[in-house]
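Here is a short tour for a first look. Keep the sequence and the 3D view side by side as you read.

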Amino acid sequence: MEKKRRTEIAELGEFGLIDLLTRGFDPADASTLRAAGDDAAVVMPPSGEAVLCSTDALLEGIDFDLTYFPLRHLGYKAVTVAASDILAMNALPSQLMVSLGVSSKMSVEALQDLYEGIAFACREQGIDLVGGDTKASMTGLVLGLTALGHAPKEKVVSRGGAQQNDLICISGNLGAEPKFAGYEYLLEKYLKPRLRKDIVEALAEEGIVPTSMIDLSDGLSSDLMQICKASKCGARIYLDRIPIARQTYALAEELNADPVVAALNGGEDHELLFTVPLALQEQVMRMGCVDVIGHITPESTGAYLVTPDGADIRLKAQGFPEKE
């Protein structure tokens with residue numbers, strides 16, 4: 001069997017590599033006036049809309065391990081990680097910039113695999129790749145991601161708007177029902193997390209503007225506490241209302257772990273956690289893609305998980321606390 005040729009990055013040089021990797025990324029969003037290929041991208045959102053910008057970094061050995069993380073999946077996940085922060089502001093992502101730190105162990109073909117995943121996610125979500133940079137790295141693969149988006153300024157949502165008695169809502173679930181044999185669904189949630197653009201679009205269709213919102217990247221407990229901190233409020237969420245996958249329970253049992261800990265502190269779900277006024281409860285529940293898991297309380301009451309037997313467990317960013 002003929003061995004596939006490995007192309008060294010040095011054979012192409014920086015600009016040749018960039019030209020190869022960004023070939024075929026033709027802009028599709030109307031707000032993209034100039035994409036990759038110039039000194040800067042040029043974007044112009046519709047009149048009256050605010051521009052949102054977010055940045056993330058993914059580091060080999062910290063955020064991913066290439067011994068089991070396929071590069072195509074890494075490219076796809078990188079788009080989700082970056083664009084999810086725009087969605088968490090109740091806006092739609094429209095442009096993406098990707099900067100690479102590349103070690104000598106990477107071949108041109110490997111980077112093409114990475115960009116195939118990026119391209120697939122961008123096409124799927126209607127996002128334009130509009131630029132980036134490439135540098136040598138001494139510490140493995142590094143991805144620097146900058147996402148842009150836009151929304152009517154009056155509909156932009158922050159973490160700091162939650163009000164007392166607001167409902168706490170979560171999109172999808174933390175694991176969901178099994179769709180495949182074994183644990184493939186959980187693996188896909190980690191390797192290829194779904195970007196919840198559909199939730200922002202569904203909220204817009206219903207005319208609902210959340211009072212606060214955040215994406216679940218650090219775990220339900222940590223991210224809810226970010227809303228509480230920014231909004232100067234407390235919270236009560238109920239264990240029996242948190243949607244946890246059957247596969248999560250099965251795998252946790254096999255590993256002798258607690259599925260509730262996984263749901264609260266696992267992170268990287270990239271679902272959306274948001275609050276809405278109590279008066280919208282029926283309307284939100286009618287959407288079908290959202291679960292109401294609790295409500296906002298005064299800041300003095302703190303943030304707690306309530307178990308089915310009525311016990312209160314104080315929420316923390318890490319670990320699982322003792323009952324009070």
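Aspartate 26 sits in the loop between α1 and β1 (32-34). Helices here are DSSP runs of H or I with at least four residues, strands are runs of E with at least two, and both are numbered from the N terminus. The model is predicted: local features need pLDDT of at least 70, side-chain atom pairs count only at pLDDT 80 or more, and totals for chains, interfaces and linings use all residues. Residues are numbered from 1 along each chain as its sequence is written, and side-chain values use heavy atoms, with hydrogens and water left out.

Aspartate 26 has 63% relative accessibility and counts as exposed. The cut-offs for relative accessible area are under 20% for buried, over 50% for exposed, and in between for partly exposed (1.4 Å probe, protein chains only). The C-alpha atoms of aspartate 26 and arginine 123 are 10.0 Å apart, though 97 residues separate the two along the chain.

Serine 31 is also in the loop between α1 and β1. Serine 31 is buried, at 3% relative accessible area. Leaving aside residues up to four places away in sequence, serine 31 touches Val42, Val43, Met44, Pro45, Ser94, Gln95 and His150. Contact means heavy atoms within 4.5 Å.

## A helix pair

Helix α1 (residues 9-21) meets helix α3 (residues 108-125): their axes come within 11 Å and cross at roughly 15 degrees. That makes α1 roughly parallel to α3. Angles under 35 degrees count as roughly parallel, over 145 as roughly antiparallel, 65 to 115 as roughly perpendicular, and the rest as oblique. Axes are lines fitted to C-alpha atoms, for helices over the stretch in contact, with angles from 0 to 180 degrees between N-to-C directions.

From α1, Ile9, Leu12, Leu17, Leu20 and Leu21 take part; from α3, Val108, Leu111, Gln112 and Tyr115. By class, this contact holds eight nonpolar residues, one polar and no charged ones. Ala, Val, Leu, Ile, Met, Phe, Trp, Tyr, Cys and Pro count as nonpolar, Asp, Glu, Lys and Arg as charged, and the others, Gly among them, as polar.

## A seven-stranded sheet

Seven strands form an open sheet with mixed pairing, in the order β8-β10-β7-β11-β9-β12-β13. β8 and β13 (312-314) are at the edges with a single partner strand each, so one side of each has no neighbour in the sheet. The twist averages 25 degrees from one strand to the next. Two strands pair if DSSP finds at least two bridges between them.

How enclosed is strand β10 (residues 272-276)? Five of its five residues are buried, so β10 is largely enclosed by the rest of the structure. Leu272, Phe274 and Val276 point one way, Leu273 and Thr275 the other. In a regular strand the side chains alternate between the two faces of the sheet.

β10 runs antiparallel to strand β7 (residues 167-171), with four bridges. Leucine 167 has valine 276 as its bridge partner. Strand β8 (residues 212-215) also pairs with β10 over four bridges, in the antiparallel sense. There, methionine 213 stands opposite phenylalanine 274. Helix α5 (residues 197-206) lies across β7, β8, β10 and β11, at about 20 degrees to β10.

Asparagine 90 is not a glycine, yet its phi is about 65 degrees. Asparagine 90 is buried, at 9% relative accessible area. Asparagine 165 has a positive phi of about 75 degrees. Asparagine 165 is partly exposed, at 43% relative accessibility.
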